[in-house]
Amino acid sequence: MSKPAFASSHYLDLIVEFSKAWFALKDQRSVMGFLWSFLNPLLMSIVLFFIFSQRMGAHAGSDYFLYILTGTVIWNFFIMSTQGATKSLVYRANMVRNFGFPKEVIVFATVGTFIMQFLFEIVVVMVFIIAFTGTVTPYALFFPLVFVIELLIVLALSLFLSSICVFARDLDHIWNLLTRMGFFIVPIFYTLDDVSGPINTLVRYNPLSQIIIMSRQVLMEGAAPDPLVFSSVLIAGLGLLAAGYSFFKRIEHRIVERI
Amino acid sequence: MGPILRLRGVSKMFRLETEARTMYRIIRKLATGEDERKSIWALKDVDLTLDRGEKIGLIGGNGAGKTTLLRVILGIIRPTAGTVELNAKATGFLSLGVGMERDLSVLDNINLFGMIMGMGKDQITERMDAIVEFSGLGEYLHSPLRDLSSGMYQRLAFSIAKESRPDLLVLDEILMGGDIWFQKKALRFFEDNDLEGSSLIFTSHDLGLIERFCEKAVWIEGGKIMAQGPTEEVISMYGRRPEG
């Protein structure tokens, strides 16, 4: 079938152009569009803060609101982008049917629109951190590396989900349910010390949990991520992306016929 | 120099869906190995050769397999059997409006659709004037595409596809629906051999159009090539086909 999008600068340009165009369409290039999108994680964080600050806040330290907000924004990028990517090929079925470019371009460009949204959100999070704590340490420069790992996982899952959704249209409902449940196995409003037994193991070895924990370390706590954890999650992300990409390319020709 | 396109024994089978696409069906299929879908052959043993600069008209009834053949040629779908050798840069324009965004401006759409058609950013900038001039949409450059008529869409898309300057241009019923002004302009473009040595494959139900511009025609029916050769002969055979 088509050659991989990674192998061509033209396809990389196409991914960027689609991302820009679809992002502009999503928010109609308005300031309010950006703000509406950010209100979701912000309001969620406020609600979680008021509900859990008495019970869970103790282990999270004095900046419990920032703790929740950082976790929510990182988690929000994960669910929004994978949910958006799940239906990306089905929504753009006419493009899949009529053009010869590699179909992962559509999946990556869909994730690209959420990256743009995330960049805006993370800047606002930094503003909140500075407003609440008065400073951001140089360790924040590690954050792009942590985000790259999250991106690897998001891209990998997007390739699996978008391609399978062509053959099983109810996958988006199933994924929405799974991510709703997944919210509770990442430490967004609680810490690892708040859970014990098998739940603690489940949360601890969830790569998304480690990405959220490392993000808080570099953005809020002024600490470098644990090199062992960082490299383990990076290897897991790279392995998952390689598996997702190989799966997608293997069934790409069937996607085009069946969509 | 050999042909730019050669199809040898190309067949294409599709499976018809009989039930809703759900996870339950996938799991059941994996567990039982059952596949109750019916098969249909959209192309059967197609042989076709196209030389550089040659123009071929593809004729046949609805559902004959013309669009499937174009999609196989463009590498969008894989043949079930046979081989496709394409030794050229090919641009396909199979469906009006696909790849364009109604809420973006004409200018944004030129950039986006130009890239889909395989042009780089620099090439689009360099050929912008030619695209705008040929489409005749200069005064609408900053208007959203939704304000344009479908005929204008077509003018724009064709102008961009033409400026991508492919070795092989593949058009599916592209002159249907456009206004007379644009049809004349596009026809003049074909007539003047403005393709600069490019080859062309196009489908049309307008036999007069095929006769006027193509030295060779291919009649396809039920996925099989019924006749191919000099346009007049093929059209004459097509005209004598039994009804029904």
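Reader: Let's start with V148(A): which element of chain A is it in?
Author: V148(A) has its place in a helix of chain A, and this is a predicted model, in which local features need pLDDT of at least 70, side-chain atom pairs count only at pLDDT 80 or more, and totals for chains, interfaces and linings use all residues. Residues are numbered from 1 along each chain as its sequence is written, chains are lettered from A and ligands numbered from 1 in the order in which they are written, and side-chain values use heavy atoms, with hydrogens and water left out. Helices (H or I, at least four residues) and strands (E, at least two) are DSSP runs numbered from the N terminus. Counted that way, V148(A) belongs to helix 8.

Reader: Is V148(A) buried, exposed or partly exposed?
Author: The scale goes by relative accessible area: buried is under 20%, exposed is over 50%, and partly exposed is in between (1.4 Å probe, protein chains only). V148(A) comes out at 41%, so it counts as partly exposed.

Reader: And how many residues of helix 8 of chain A are buried?
Author: This helix covers residues 143-167 and reaches 37 Å from its first C-alpha to its last. That's close to the expected 36 Å, which is 1.5 Å times one less than the number of residues. The rest of the structure largely encloses helix 8 of chain A, because the buried count, out of 25, is 20.

Reader: How many aromatic pairs are there over all chains?
Author: Rings of Phe, Tyr and Trp (its six-membered ring) pair if their centres lie within 6.5 Å; planes under 30 degrees apart are stacked, over 60 edge-to-face, and the rest tilted. Over all chains, that rule gives 31.

Reader: Take F18(A) and F101(A): how far apart in sequence are the parts that this pair ties together?
Author: Their rings are tilted, with 6.0 Å centre to centre and 55° between the planes. F18(A) is in helix 1 (residues 9-27) of chain A, while F101(A) is in the loop between helix 6 (93-98) and helix 7 (104-133), so the parts they tie together are separated by 83 residues.

Reader: What about F184(A) and F189(A): which of the two is buried?
Author: These two make an edge-to-face pair, 6.4 Å centre to centre with 80° between the planes. F184(A) has a relative accessible area of 51%, so it is exposed. At 6%, the buried one is F189(A).

Reader: How many residues of strand 3 of chain B are buried?
Author: In a regular strand the side chains alternate between the two faces of the sheet. Here both faces are covered, with K55(B), G57(B) and I59(B) on one side and I56(B) and L58(B) on the other. The rest of the structure largely encloses strand 3 of chain B, because its buried residues, out of five, number five.

Reader: Which residue in the turn between strands 8 and 9 of chain B has a positive phi?
Author: Strand 8 (residues 216-221) and strand 9 (residues 224-230) run antiparallel, joined by six bridges, and E221(B) stands opposite K224(B). They form a hairpin with two residues between them, and the one with a phi of about 55° is G222(B).

Reader: D45(B) isn't a glycine, yet its phi is positive; near what value?
Author: Most residues other than glycine have a negative phi, and most peptide bonds are trans. D45(B) is found in strand 2 (residues 38-50) of chain B and is exposed, because its relative accessible area is 54%. Its phi is near 50°.

Reader: Last one: which backbone nitrogen does the side chain of S135(B) reach?
Author: S135(B) is in helix 4 (residues 121-135) of chain B, and with 1% relative accessibility it counts as buried. Beyond its neighbours within four places in sequence, it is in contact (heavy atoms within 4.5 Å) with R155(B), L156(B), S159(B) and W181(B). At 3.3 Å, its side chain reaches the backbone nitrogen of L137(B).

Conventions. A polar contact is a pair of N or O atoms within 3.5 Å; within protein, one must be able to donate a hydrogen and the other to accept it, and residues adjacent in sequence count only if both atoms are side-chain atoms. Two strands pair if DSSP finds at least two bridges between them.
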